[in-house]
Every structure is written in structure tokens, then in C-alpha cells.
Amino acid sequence: MNKQKKELKMKKTLIGVVTILIMGMFIFAETKIGIINGQKLIEGTKKGRAIASRLEAIGKQKQAELNKKQDAIKKLEKELMSPALNAETKEKKALELQQLRTDTKRFIEDSQREMTIKSEKEMNLLKAEIQPIIQQVGKEKGLSVILEITAVAYYDPAIDITEDIIKVMDTKMSGTK
């Protein structure tokens with residue numbers, strides 16, 4: 001019985017030593033961290049700039065349409081101020097103005113919704129393309145973790161890999177690798 005206690009004690013000691021050694025490997029293993037700036041990635045890549053340009057063009061088109069609608073509203077408002085209008089014409093123009101204002105409000109809401117949907121769709125596609133490149137650059141640099149800059153209070157600029165990812169992304173998009 002005494003021999004069994006000694007063997008059990010030795011096994012426990014051995015397990016304890018192995019556990020300490022394994023924990024030491026994790027504790028003292030070098031964790032390399034990289035930082036990326038998502039906004040800079042979007043603005044810095046050719047594809048990101050193309051997306052921003054397309055969205056901006058759609059926004060300008062929508063703004064031009066809105067300006068026309070607002071001009072029509074101003075014109076109707078001025079017409080309604082005319083003392084030369086009879087009651088029936090004034091009533092028709094007032095209804096027309098009300099309808100135009102409602103249409104303009106709907107146009108604004110629909111345009112905002114459309115822009116949000118298009119923007120999210122484009123950004124999700126871009127993120128899906130960038131993600132494997134982020135992983136590739138991370139592996140090449142031997143990084144354990146890559147964090148988005150918005151989640152970090154402080155970092156050494158030397159660990160920012162944004163430009164590396166932009167270079168790989170643009171090289172991939174231009175077809176030369």
C-alpha cells in the first residue's frame with residue numbers, strides 16, 4: 001500500500017511538472033500582433049476607390065434629382081403666393097404642392113435606403129476579397145493576431161500592416177503577382 005502511495009505521488013508530481021512546462025510554453029511564447037486600419041484599406045485600394053467613386057456618382061445623380069424636385073416645390077410655392085389665382089386653381093396647386101412634397105420625402109427615404117443597401121453590398125464584397133489577403137499577410141509575417149485599429153487604444157505604428165495589405169490587394173487586382 002505504501003508503494004502505491006509513492007507511485008501515485010510521483011505520478012502527480014510528474015503531471016504537475018509537465019503542466020508547468022506546457023503552461024510556460026504558452027506564457028513565454030511570443031505573440032505577434034498586427035493592426036489594420038479598415039477605412040484606410042478601403043480608401044487605399046484601387047477597388048475601394050472604385051467603389052467609393054461609383055457610390056459618389058450615384059449620390060450625385062440622386063442629389064441632382066432631389067434638386068429638381070426642390071426647385072419644383074419652390075416654383076409651386078411662389079405660384080401659390082400669386083394674388084391672381086382663383087380659389088379653384090389655388091386649391092389644385094396646393095394639392096399638387098402637397099403631393100410633390102410627399103413624393104420628395106419618399107424619394108429622399110428611398111434614395112437613402114438604396115445607397116445604404118448598395119454601400120453595404122459593395123463593402124461586404126470588398127471585405128470578402130480582403131479577408132484572405134489579411135490572413136495571407138498575417139501568416140507571411142508570422143502574426144498570431146490581427147486587430148482592427150478601432151478596437152485598440154494604443155499601438156506602435158510598426159505593427160500596422162495596412163499598407164502591406166493594400167499592396168497585395170492592388171497587385172492581385174491588377175493581375176500581376
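The legends below describe close-up views of a predicted model. Residues are numbered from 1 along each chain as its sequence is written, and side-chain values use heavy atoms, with hydrogens and water left out. In this predicted model, local features need pLDDT of at least 70 and side-chain atom pairs count only at pLDDT 80 or more, while totals for chains, interfaces and linings use all residues.

View 1. Thr-162 lies in helix H5 (residues 162-174); helices are DSSP runs of H or I with at least four residues, strands are runs of E with at least two, and both are numbered from the N terminus. Thr-162 is buried, at 0% relative accessibility (buried, under 20% relative accessible area; exposed, over 50%; partly exposed, in between; 1.4 Å probe, protein chains only). The side chains of Thr-162 and Asp-160 form a polar contact of 2.5 Å. Such a contact is a pair of N or O atoms within 3.5 Å; within protein, one must be able to donate a hydrogen and the other to accept it, and residues adjacent in sequence count only if both atoms are side-chain atoms. A polar atom of the Thr-162 side chain also lies 2.8 Å from the backbone nitrogen of Asn-37.

**View 2. The salt bridge between Lys-40 and Glu-163.** The closest N and O atoms of Lys-40 and Glu-163 are 3.3 Å apart, where a salt bridge is a side-chain nitrogen of Lys or Arg within 4 Å of a carboxyl oxygen of Asp or Glu. Lys-40 belongs to helix H2 and Glu-163 to helix H5, so the pair ties together parts that are 123 residues apart in sequence. Lys-40 is partly exposed at 33% relative accessibility, and Glu-163 is partly exposed at 38%.

**View 3. Helix H3 and its cover.** Helix H3 (residues 46-81) has 36 residues and reaches 52 Å from its first C-alpha to its last, close to the 52 Å expected at 1.5 Å a residue; the expected span is 1.5 Å times one less than the number of residues. Its buried residues include Gly-48, Ile-51 and Leu-80. Helix H2 (38-44) and helix H4 (87-140) are among the elements covering the buried residues of H3.

**View 4. Salt bridges within single helices.** Lys-60 and Glu-56 meet in a salt bridge of 3.4 Å, N to O; both lie in helix H3, four residues apart, about one turn of the helix. Lys-60 is exposed, at 56% relative accessible area, whereas Glu-56 is partly exposed, at 47%. In helix H4, Arg-113 and Asp-110 are three residues apart, and their closest N and O atoms are separated by 2.9 Å in a salt bridge.

Key. Contact means heavy atoms within 4.5 Å.
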